[in-house]
Amino acid sequence: MEDKTIIKTKVLIGCDGAHSVVASWLGLRKPVYSGRSAFRGLGVMPQGHGLNNESHIFLQDGYRVGVGPLNDQQAHWFIIYNCSSLEEDEENNMMRAMDSKILMKIVLRMVANFPPLFLQLVQHTDPATLTWAPLMFRLPWDLMFRDLSIGIVTVAGDALHPMTPELGQGGCAALEDAIVLGRHIGTCFLKHKIIQPLEVAKVLKLYANERRFRAVSLILASYLFGWFQLDGSFQWLKSYARDTIFFKYVYLRTIAHVTKYDCGKLPIV
């Protein structure tokens, strides 16, 4: 550990986030920048926001903004944008200072041409809830061709599959990891009545192999969804395809497919 303490363990599951030390030890490369960044905040409207429990998404000139009500007065909002949508010095200022006043000034300029409701939510946002972050993801081929477990060591959650948020499956995928891992460990325990070190390595290998292709598909689909909606190249053609095909057919079917994933049944121990 950082304080030189040595901890001996029978199993090590790294759940230490996108910049995981355990993932680095396994040989996985660091997550890369997607070319998109995001603001998030919590708007509070004392008189009520009037969203009627409906979420809204708006697309415009390299920006994707959305709002989802939490209750009658509070609503969570986000802005995802291409790195080319901001001047380089502004991006550098945010990365250096992360000052809430600077962030709010940039956000208000971004949403100036969006519907008044969204502008009002941003104006009624507590600066303490305002955050900015670059959107990172792990390269799919890094998961395909590298070891996700070595001996008694593996990773789960964002340590395994950091992804962009377009599908909203990052946290869900972490829960899937837990269920699949618990299923394999529980099945091994039922078979041997004890968790043996040699069996642990086999169990973690089964878990890693099962999660590999699921993680790759989620990372790839999330990135492509974001690219399709925000990337500026061939914008007129992509706008037409997005409005006539993507949101009507592809988006909803993909969401239905990824959310109905079957993790298997946990054994009764």
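## The sheet

Ile13 has Thr154 of S8 as its bridge partner. Helix H7 (residues 197–230) packs on the sheet and touches S7 and S8 (contact means heavy atoms within 4.5 Å), with its direction at about 25 degrees to that of S8. Those axes are lines fitted to C-alpha atoms, for helices over the stretch in contact, and angles run from 0 to 180 degrees between N-to-C directions.

The sheet itself is open, with three strands in the order S1-S8-S7 and mixed pairing. S1 (12–14) and S7 (149–150) sit at the edges with a single partner strand each, so one side of each has no neighbour in the sheet. S1 and S8 run parallel, joined by three bridges; strands pair if DSSP finds at least two bridges between them. Helices (H or I, at least four residues) and strands (E, at least two) are DSSP runs, numbered from the N terminus.

## Where the model comes from

This is a predicted model: local features need pLDDT of at least 70, side-chain atom pairs count only at pLDDT 80 or more, and totals for chains, interfaces and linings use all residues. Residues are numbered from 1 along each chain as its sequence is written, and side-chain values use heavy atoms, leaving out hydrogens and water.

## Helix H7

H7's 34 residues reach 48 Å from first C-alpha to last, close to the expected 50 Å (1.5 Å times one less than the number of residues). H7 also has a kink of about 30 degrees, centred on Arg211; the bend is the angle between axes fitted to the seven residues ending there and the seven starting there.

## His161

His161 is in the loop between S8 (153–155) and H6 (170–192). Its contacts include Asp177, Ala215 and Ile219.

Conventions: Lists of a residue's contacts leave out its neighbours within four places in sequence.
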